[in-house]
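Welcome to this short tour. Please open the structure in your viewer and keep the selection tool at hand.

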Amino acid sequence: MKDGNSTWDVEVVRAQLHRLVDDVEPSPDALPKMLAAARRRKPSRRPLFAAIGAVAAAAVVLVVAVAVLPGQQQPTPVSAQPNSYLAAPEPGVIASFDIYSGRQNGVLSDIPGADPEVLATDRNRVLAVATTSDGRQLVEVAADGAKHVLPVPVGDARLLTAGGGRIAYQDGDSVVVLRGEQQQRIALPAGMRVDDLALSDDGRLALLAAEPGRDRASVLVLAPGATSLADHVEATSDACGPVAIAWSGHDVAALEPPACGAGQARVATFAANSGRKLGAGVPFRTPELTAGTARLSADPLGRFLVSTDGRGQWLVDGSEVRPLPPACTTSGACASGPGTFWS
């Protein structure tokens, strides 16, 4: 039986190797030189084996580099790739884009009535909300483009997230967490404003929420199976508070301005078990960002995609921040909503 996660792990290793050997190009005479050196030595099998091993290793590196070379035509159907993200460049169309070039890899699925502002990923599956004659429906899309309508009510589904085989969305005064046919409902205090949701692989739910009467939101982390906000862990952000959140491994990441009205943002990380800030991240210049206009997502390499509704997007890779081109098709149609990593 093939394991989808194994395929994902191979793609991640390839991306990591590619980043390590980006500037390495083997000399054209490398193979003859290694074989000649082996022949000049004493008649022993060990040098020849070493040479063959070195050549094989170089060949593997070359194969990996060619496999992810920008500009190479991608296979069909669209696959979950570490160097790609998803966005909706046209109404109902979910497409994959290359991070660095902005080139469209291909169309994953066409869902009539899909909301371009609502898009979530969980490994190799994608979740979208579509408005149909039967009302608003939650649609699951597999990596091969196959669509499946989930038989669950989705409320307004303004906020949608997925992770660890679970789906979460806000429904009125509750947050609903789905795992298969099991439904978990988390009651919210009256008047609480929820700006974002994020699910970890182990089932923990993070909310970016503000209590009644407060403008600044905080990150609240709930244990798996929680049905209320009791016993939550709070991660308090500095300055004006975060505008978007995401899980990065075992930690919670938050997109926050370093100062109110500064025209900058950074990605901070917090320990999920204590709420302690682990790092503040490098500030980078952005338009004024507010909750709902920006999306934060992470990939298995520890990078973050900061994407907005037409006001720019950035790749945050440790201390390096790189502006990215918009998600546009060759015909000039561009995504109106934020994009998201295949998480």
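A polar contact here is a pair of N or O atoms within 3.5 Å; within protein, one must be able to donate a hydrogen and the other to accept it. Keep in mind that you are looking at a predicted model.

**First stop: Asp195.** Select strand S12, residues 193-199, where Asp195 is found. Show side chains, and you will find a polar contact between those of Asp195 and Arg193, at 3.0 Å. Is Asp195 buried or exposed? Its relative accessible area is 12%, under the 20% cut-off, so Asp195 counts as buried. Leaving aside residues up to four places away in sequence, Asp195 touches Leu159, Leu208, Ala217 and Ala291.

**Second stop: a hairpin.** Now select residues 93-98 (strand S2) and 104-110 (strand S3), which pair in the antiparallel sense over five bridges. Pick Ala95 and look across to S3, where Val107 is its bridge partner. Between the strands of this hairpin lie five residues, and Gly102 takes a positive phi near 80°.

Start with Asp122 and Arg125, whose side chains meet at 3.3 Å, N to O. Next, select Asp299 and Arg303: their closest N and O atoms are 2.9 Å apart in a salt bridge, and both residues are buried.

Finish at Asp202 and Arg204, joined by a salt bridge with the closest N and O atoms 3.2 Å apart. Asp202 is partly exposed, at 39% relative accessibility, whereas Arg204 is buried, at 11%.

Note on methods:
Residues numbered from 1 in each chain as written. Predicted model: local features only at pLDDT ≥ 70, side-chain atom pairs only at ≥ 80, totals over all residues. Heavy atoms only, no water. Pairing = 2+ DSSP bridges. Helix = DSSP H or I, 4+ residues; strand = E, 2+ residues; numbered from the N terminus. Buried < 20%, exposed > 50% of the residue type's maximum accessible area, 1.4 Å probe, protein only. Contact = heavy atoms within 4.5 Å. Salt bridge = Lys/Arg side-chain N within 4 Å of Asp/Glu carboxyl O.
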